[in-house]
Structure formats: C-alpha cells, structure tokens
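Subject: Structure handover

Hello,

Here is the structure I said I would pass on. Please open it first, then read my notes below.

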Amino acid sequence: MSLLVVGSVAFDAIESPYGKVDRIIGGAATYFAVAASFFTQVNLVAIVGDDFSAKDESIFHRRKIDTSGLERASGKSFFWAGKYSEHLNERETLVTDLNVFANFNPRLPEAFRNSKHVFLANIAPDLQRDVLKQVQGSPKHVALDTMNYWIERTPAELRETLKHVDILMINDFETRQLSNEHNLLRAARHIFKLGPSMLVVKRGEYGAMLVDKHGVFSVPAFPLEEPHDPTGAGDSFAGGFMGYLAGCGQSNDAALRRAMVYGSVLGSFAVEEFGPERLRTLKRSEIHARARHFLKLTQFKL
Ligand code: AMP
C-alpha cells in the first residue's frame, strides 16, 4: 500500500562533536521517505529550489519513491543549520531559511490522491490540513508530526488539523507543551480528546512510547557506542513506523508493536553517520538483523 508524505526537502549544515558538514541533503520528508521506502511505495510531496541538482535528487532514485510531487521553484531550497552539544542531547538551531518553502502550496498529483497511509511531516498546520483535503476516500492512517514553533504560534490551526489525524508522532517536550501535562500518560489522555487515537512519543536516546486503546508499549533506542548526528532520527523513526504499517497492511496491536521496533531500528541507523548518509547505504538485511537484535535486547523470563 502506498504511503504519502508531505514535508521539507532541504539542505542542512550540521555541527556535532564528531564533525561538521556545511551542506548536506536533509529535510524531514527526505529522511522519512528514504526510511519508509524499505517497506513500501512512498509518494513524496515537497518543494525545492533551482539549487537542487539531479545529483541531490538521486537519494530518492532506485528506491520505491515516486518524486512526481517534488515541485521545483526558482530560488533556493529550504536551509537549516544546527549545532549539537557535547553529548548530543541538546540542539541549537542556528539558521532556518525558508526560501522556496515560504510559498509552498502543496498540490498532490492525481495518482497520489488515493493514498491509504499519510504522513504529514512538520510543516504549517493549515498546509497539513490542505493536503488532507486533497486525499480522496478515507485513508487508513493519517499521522502527523509538529514542533514547538507551531504549538506556540498557531495553536488554533494545529487543533483544527489534529481533529483529522489518528496518529500523533511527536517528542516528549512537544507532548508536554501541547497538552500542558508533564506526565506522558495524562498528556496522552488530553491529546486523545483533540482527535488522535494513538500517540507515539519519541524520546531520543530513551526510545519511544506508544499509547493507544490497547495500553502502553515502549521500545528502547538501540544502544550505540558512537552516535554521530541525531538529525532526522525522529523522521527516520516515523518512516520506519509508517512504512512498516503501510507495507504490512495491518494495524492490530502486534503490527503496531512491530512498527515501533522498525521505527526505532531506522532511527538508530540514521544517527550512525552525518545527515542521511547511513540510510543511503543501508540494506534490508541489516534492518531485519537489527530488529531481531531488539528481541534479544528486551526479552526476559519471569
Ligand atoms: P529532526 O532532527 O527530526 O528535528 O529533523 C531535522 C530535519 O528537519 C532537518 O533535516 C531539517 O532540514 C528539517 N527542519 C528543521 N526545521 C524545520 C522546519 N521548521 N520545518 C520543516 N523542516 C525543518
């Protein structure tokens, strides 16, 4: 089953204790699409400028990614720069240049309109809603990511969009900010009143937690000795999660639990190298081997 993603395709400058890159392809939709393409067909909707070359676009090639929704506009592509602290647990945003993204008005190609799974990456909530209006029929799952910027500046628009979403995938800080609750279970209860019936809280090095009608399910982050760059880990998690769900076509409790593990697996690979470089070389066999490793990580006898 195909999976629609709308979000940023960008150039990033990244600085971490492990090195520095001045210009590397990034963007939430890039990480998401590449991660999800290991499991299912991905339909990408985004905008880039005329500085985005055929070589840049090659990250999407020879994968199950349809780029006919990748719009080209004159001007520069979205640019983001960030710097990580010594232990990679804090990030400072140094630059956000919207460039062509400022006039992004996502239009779905006809062939994308019947997507059964939709991921609305972190963009303005009205644009996310606008995309949903173009999707025909009722998708099986609509997932949404957002950030503090939209929670603070466009709370009414975000609430309106959330009414049409069933899976909210945000980090712990955003969960607390959106719900005004510190405790994540109380936060989930609050969020369920806004529309979503599932909450996936991404917790960085502490893993991720799914709360839904079945209860709570937690996965750890895969223990890595030398993570290099956490950029895009959350989007890669979302790609693994949604890609697995769309690919298996099921959404029972067992499938959701496996989706959480595949999310964590893709997130863990993303942080191993700068930008999306590790995802470029990743093989399906490595994904499945790491998923099996999660069994060992979490199994115990009573
Ligand atoms: P994450 O590490 O999951 O927060 O995602 C990082 C990616 O999101 C980077 O590759 C950036 O290009 C992109 N990004 C950063 N800020 C924004 C924003 N305001 N809107 C859309 N994408 C963004």
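At what angle do helix α3 and helix α5 pack, and how far apart are their axes? Keep in mind that this is a predicted model. Helix α3 covers residues 125–134, and helix α5 covers residues 155–162. The angle between them is about 25 degrees. Their axes lie 8 Å apart. Angles under 35 degrees count as roughly parallel, so α3 and α5 are roughly parallel to each other. Their crossing is left-handed.

Which residues meet there? From α3 come P125, D126, Q128 and R129. From α5 come E157, L158, E160 and T161. By class, this contact of α3 with α5 has four charged, two polar and two nonpolar residues.

Next, the aromatic rings. A search of the whole structure turns up 10 aromatic pairs. One of them joins F11 and F52. Their ring centres are 5.8 Å apart, and their planes stand at 40 degrees, so this pair is tilted. F11 sits in strand β2 (residues 10–16). F52 sits in the loop between β4 (42–48) and α2 (54–57). The pair therefore ties together parts that are 41 residues apart in sequence. Are these two residues buried or exposed? Both F11 and F52 are buried.

Now take Y244 and Y262. Here the ring centres are 5.0 Å apart and the planes are at 20 degrees, so the pair is stacked. The cut-off for stacked is planes under 30 degrees apart. Y244 belongs to helix α8 (residues 233–248), and Y262 to helix α9 (residues 253–270). This pair therefore links parts that are 18 residues apart in sequence. Buried means under 20% relative accessible area. Y244 has 12%, so Y244 is buried. Y262 has 13%, so Y262 is buried too.

Where is K301 found? K301 is in the segment after α11 (284–298). Its relative accessibility is 82%, so K301 counts as exposed; the cut-off is over 50%. K301 and A35 are 266 residues apart along the chain. Their C-alpha atoms are separated by 33 Å.

Best wishes

Notes
Residues numbered from 1 in each chain as written. Predicted model: local features only at pLDDT ≥ 70, side-chain atom pairs only at ≥ 80, totals over all residues. Heavy atoms only, no water. Helix = DSSP H or I, 4+ residues; strand = E, 2+ residues; numbered from the N terminus. Buried < 20%, exposed > 50% of the residue type's maximum accessible area, 1.4 Å probe, protein only. Axes fitted to C-alpha atoms, helices over the stretch in contact; angles between N-to-C directions. Parallel < 35°, antiparallel > 145°, perpendicular 65-115°, else oblique. Left-handed = near helix turned anticlockwise from the far one by under 90°. Contact = heavy atoms within 4.5 Å. Nonpolar A, V, L, I, M, F, W, Y, C, P; charged D, E, K, R; others polar. Phe/Tyr/Trp six-rings, centres within 6.5 Å; stacked < 30°, edge-to-face > 60°.
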